[in-house]
Amino acid sequence: MITGPATVSVETVPDPVLPGPDGAIVQVELTAICGSDMHFYDGDLPFYPMAVGHECVGRVVEVGPDVHSFSIGDRVLVASVAGCGSCLGCDTGDPVTCFSGPKVFGAGELGGAQADLLAVPAAEFQLLRIPPGVSDEAALLLTDNLATGWAGAADATGTVVVLGLGAVGLCAVRAAEAQGALVYGYDPVAGRRARVANPLDSVESVLELTEGRGANMVIDAVAHDSSLDAAFASVRSGGTVSVIGIHSLEPYPLPVLMGVYRSITLRMKTAPVHQTWPQLVPLIQSGRLRTDGIFTHSFPLSEAASAYSAVAERSADCIKVVMRP
Ligand SMILES: [Zn+2]
Ligand SMILES: [Zn+2]
């Protein structure tokens, strides 16, 4: 639970109850810290106390009477973004378009996944049995980061630049590479640049590598004003700026005239998590999309405060943290 800026505590709370007849309770076995959890920790989203966490893998321990596809004991992953599961929006597999409005675990309306137990509404929609050939860590990435990277890299061809080489950025690099793109990565931390095959010392250096034209696609996994500026400066005319980072609540001065004049497509996405699973699972199973090297640290959930401070350093060696209740 995050109770204030840079303040994390582990507290005993009542067990969650079934969220309706279509719900399930999952006993969390692995959970992870996401970059978006850090907005509560850093104080950008000052909503406290917040029972955080939206990435988990675990075991079903209770199901409602309307749940038929899952039984007690099934090992599952839980989509980070939840939909009602029964509207035309959810039928597309994209909970963002849910007619009832999407909900994210650990952001106020639903429980947090950094816990022993998680109540999951519309369980048939939100849960995926862990497929054979998919490791627990890969399954954890399928709840959010890999789906986000894949959505950001949709239709990646030719030269692609990824800005920000944390977990989501690395997932975007792997997703674009799996589609055959030539992918360059930039991060201000040199040690993070060393994690990709084609690091850039500066974003603008992609101009030299493309005879001044720029990249077909720039994926911004940071979404600060400075990275958005860099994305627009390094994308080629007719190219795509794909934003998957979390911007602050302040508006960004969008250079519309330049964008229209150069025919730039601006795309902004929250992952259509459920929609990505049928595409991503076979890529993981066949080895075409690697998921190794993204989780770098492991902590017991009881040491969540140490786990958060490790992530907050944004160092070269600590990319993503797994926690075990
Ligand atoms: Zn997340
Ligand atoms: Zn829905």
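Reader: Is C90 buried or exposed?
Author: C90 counts as buried, because its relative accessibility is 3%, where buried means under 20% relative accessible area, exposed over 50% and partly exposed in between, with a 1.4 Å probe and protein chains only. This is a predicted model, in which local features need pLDDT of at least 70, side-chain atom pairs count only at pLDDT 80 or more, and totals for chains, interfaces and linings use all residues. Residues are numbered from 1 along each chain as its sequence is written, chains are lettered from A and ligands numbered from 1 in the order in which they are written, and side-chain values use heavy atoms, with hydrogens and water left out.

Reader: Which protein donors does the zinc ion (ligand 2) have?
Author: The zinc ion (ligand 2) has C84 (SG), C87 (SG), C90 (SG) and C98 (SG) as its protein donors, at 2.3 to 2.4 Å. Donors here are N, O and S atoms within 2.8 Å of the metal (3.2 Å for Na, K and Ca), and water is not among the atoms, so sites may look incomplete. Along the sequence, these donor residues follow the spacing C-x2-C-x2-C-x7-C.

Reader: And what about C87 and C98, buried or exposed?
Author: C87 counts as buried because its relative accessibility is 10%, and C98 counts as buried because its value is 6%.

Reader: What is the geometry of that site of the zinc ion (ligand 2)?
Author: The site is tetrahedral, and the angles among its 4 donor atoms are 103 to 118°. Four donors count as tetrahedral if all angles lie between 85 and 135 degrees. For reference, the ideal angle for four tetrahedral donors is 109.5 degrees.

Reader: How many disulfides are in the whole structure?
Author: The search of the whole structure finds 0 disulfides, a disulfide being a pair of cysteine sulfur atoms within 2.5 Å.

Reader: What coordinates the zinc ion (ligand 1)?
Author: The zinc ion (ligand 1) is coordinated by C34 (SG), H54 (NE2) and D144 (OD), at 1.8 to 2.1 Å.

Reader: How many residues of α5 are buried?
Author: In α5, 8 of its 8 residues are buried, and the helix is mostly covered. Among them are N145, L146 and W150.

Reader: Changing topic, how many aromatic pairs are there?
Author: The count comes to 2 aromatic pairs, where rings of Phe, Tyr and Trp (its six-membered ring) pair if their centres lie within 6.5 Å, and planes under 30 degrees apart count as stacked, over 60 as edge-to-face and the rest as tilted. The rings of Y41 and Y308 have centres 5.4 Å apart and planes at 25°, so this pair is stacked. Because Y41 lies in helix α1 (residues 37–42) and Y308 in helix α12 (residues 304–312), the pair ties together parts that are 267 residues apart in sequence. Y41 counts as buried because its relative accessibility is 8%, and Y308 counts as buried because its value is 1%.
Author: F232 and Y252 also form a stacked aromatic pair, 6.5 Å centre to centre with 5° between the planes. This pair links distant parts of the chain, 20 residues apart, with F232 in helix α9 (residues 225–234) and Y252 in the loop between β13 and α10. Both F232 and Y252 are buried.

Reader: In which sense do β13 and β14 pair?
Author: Strand β13 (residues 235–243) pairs with strand β14 (residues 265–268) in the parallel sense, over 4 bridges, and strands pair if DSSP finds at least two bridges between them. V243 has M268 in β14 as its bridge partner.

Notes. Helices (H or I, at least four residues) and strands (E, at least two) are DSSP runs, numbered from the N terminus. Four donors count as tetrahedral if all angles lie between 85 and 135 degrees; four count as square planar and six as octahedral if opposite donors are over 155 degrees apart and all others between 65 and 115; anything else is irregular.
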